[in-house]
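Here is a note for a colleague meeting this structure for the first time. Please read the points with the model open.

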Amino acid sequence: MRRTRSSWQRAPTGSRESRTLADPDTLAGLAEDDDATEDGPLRRCLVTRVRLKRETMLRFVAAPETVSPESLVFDAAATLPGRGLWLSARRDVIEKAVKTNAFSRAAGRRLVAPSGLAELVASTLEQRIAERLGLARRAGQAVCGFEKAKERIASGQCALLVEASDGSLAEQERLVQRRETRVVRPLDAARLGAVFGRERSVHVAIGPGRLAVQIEADSVRLAGVTDTEPASLRLQAPQGAGREKADRGERQI
């Protein structure tokens with residue numbers, strides 16, 4: 001009698017544990033199944049496998065095949081179509097994702113990350129922060145300068161204090177005066193000054209609203225990518241010369 005082939009898919013043999021251990025790529029693929037949809041507030045990092053709030057993470061997508069079939073795109077605003085490939089906002093995570101081809105494995109096809117991906121991400125975030133600071137200025141939600149920022153903080157109208165990354169921490173402490181103020185330090189004084197049509201600006205106070213939330217979120221992500229001081233409620237003034245300069249009343253714009 002002639003044997004016929006069954007149309008049913010043959011069941012895998014061996015224990016589930018042994019199959020998983022024998023095929024790490026299969027494990028990675030199975031782990032991605034629960035992230036197939038992008039609903040909800042949490043996302044899983046491709047490298048650390050930790051779930052975090054989406055606004056704290058970095059989203060990448062594959063460029064459309066009709067445009068650039070193997071290109072990886074950093075989606076800073078998390079709005080581009082396509083399945084998101086999420087990473088924790090850390091330089092070491094980005095570098096490991098590139099080294100281990102995590103993007104290609106998660107997407108199921110070859111993806112080529114741009115050269116210097118971490119630097120590209122940082123540059124993009126810096127540009128987003130500058131643009132949103134400009135929007136806040138034009139909307140009357142942002143003021144710069146020591147005295148204006150101090151007035152906003154004292155009146156409770158400062159949702160976020162943006163300090164120059166190369167500004168004095170001691171001077172920042174004098175401005176905050178132990179009030180619980182959210183502080184970020186994403187751009188240098190020249191970049192902040194350009195937003196306000198000045199050569200330099202060190203202190204910028206942002207009023208309550210969506211722009212303040214976005215600027216803080218991008219600043220926190222930027223700090224992770226550049227390995228710099230993250231945002232905090234209040235940074236303490238350092239000991240030494242910086243404090244002596246502040247005590248003499250020398251202020252930065």
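1. A definition comes first: contact means heavy atoms within 4.5 Å. Beyond its neighbours within four places in sequence, R91 is in contact with A118, E119, G224, V225 and D227. R91 belongs to helix α3, residues 91-99. A polar contact is a pair of N or O atoms within 3.5 Å; within protein, one must be able to donate a hydrogen and the other to accept it, and residues adjacent in sequence count only if both atoms are side-chain atoms. A polar atom of the R91 side chain lies 3.2 Å from the backbone oxygen of V225.

2. Some ground rules. This is a predicted model, in which local features need pLDDT of at least 70 and side-chain atom pairs count only at pLDDT 80 or more, while totals for chains, interfaces and linings use all residues. Residues are numbered from 1 along each chain as its sequence is written, and side-chain values use heavy atoms, with hydrogens and water left out.

3. Now the chain as a whole. It has 10 helices and 9 strands. These are DSSP runs numbered from the N terminus: helices are H or I with at least four residues, strands are E with at least two. Of the 253 residues, 39% are buried. Buried means under 20% relative accessible area, exposed over 50%, and partly exposed in between (1.4 Å probe, protein chains only). Among contacts with a separation of 6 or more, 67% join residues 24 or more positions apart.

4. Back to α3. Which residues of α3 are buried? They are R91, V93, I94 and A97. They lie on the same side of α3, because they cover an arc of only 165° around the axis. The arc is taken from the directions from the helix axis to the C-beta atoms. These buried residues pack against β3, β5, α4 (102-107), α5 and α9 (210-226). After α3 comes N101, with a positive phi near 55°.

5. Helix α5 covers residues 117-138, 22 residues in total. From first C-alpha to last it reaches 32 Å, close to the 32 Å expected at 1.5 Å a residue. The expected span is 1.5 Å times one less than the number of residues. Buried residues in α5 include L117, A118, V121 and A122. G140 follows α5, and its phi is positive, near 75°.

6. Strand β3 (residues 57-62) is largely enclosed by the rest of the structure, because 5 of its 6 residues are buried. Two strands pair if DSSP finds at least two bridges between them. β3 runs antiparallel to β5 (residues 85-88), joined by 4 bridges. β3 also pairs with β4 (residues 72-74) in the antiparallel sense, over 3 bridges. F60 stands opposite F74 in β4 and opposite L85 in β5. R59 stands opposite W86 in β5.

7. Look at the side chains of β5. L85 and L87 point one way, W86 and S88 the other. All of them are buried. In a regular strand the side chains alternate between the two faces of the sheet.

8. Last, an open sheet. Its 4 strands have the order β6-β9-β7-β8, with mixed pairing. The edge strands, β6 (142-144) and β8 (183-184), each pair on one side only. β6 pairs with β9 (residues 203-206) in the antiparallel sense, over 3 bridges. Within that pair, V143 stands opposite A205 of β9.
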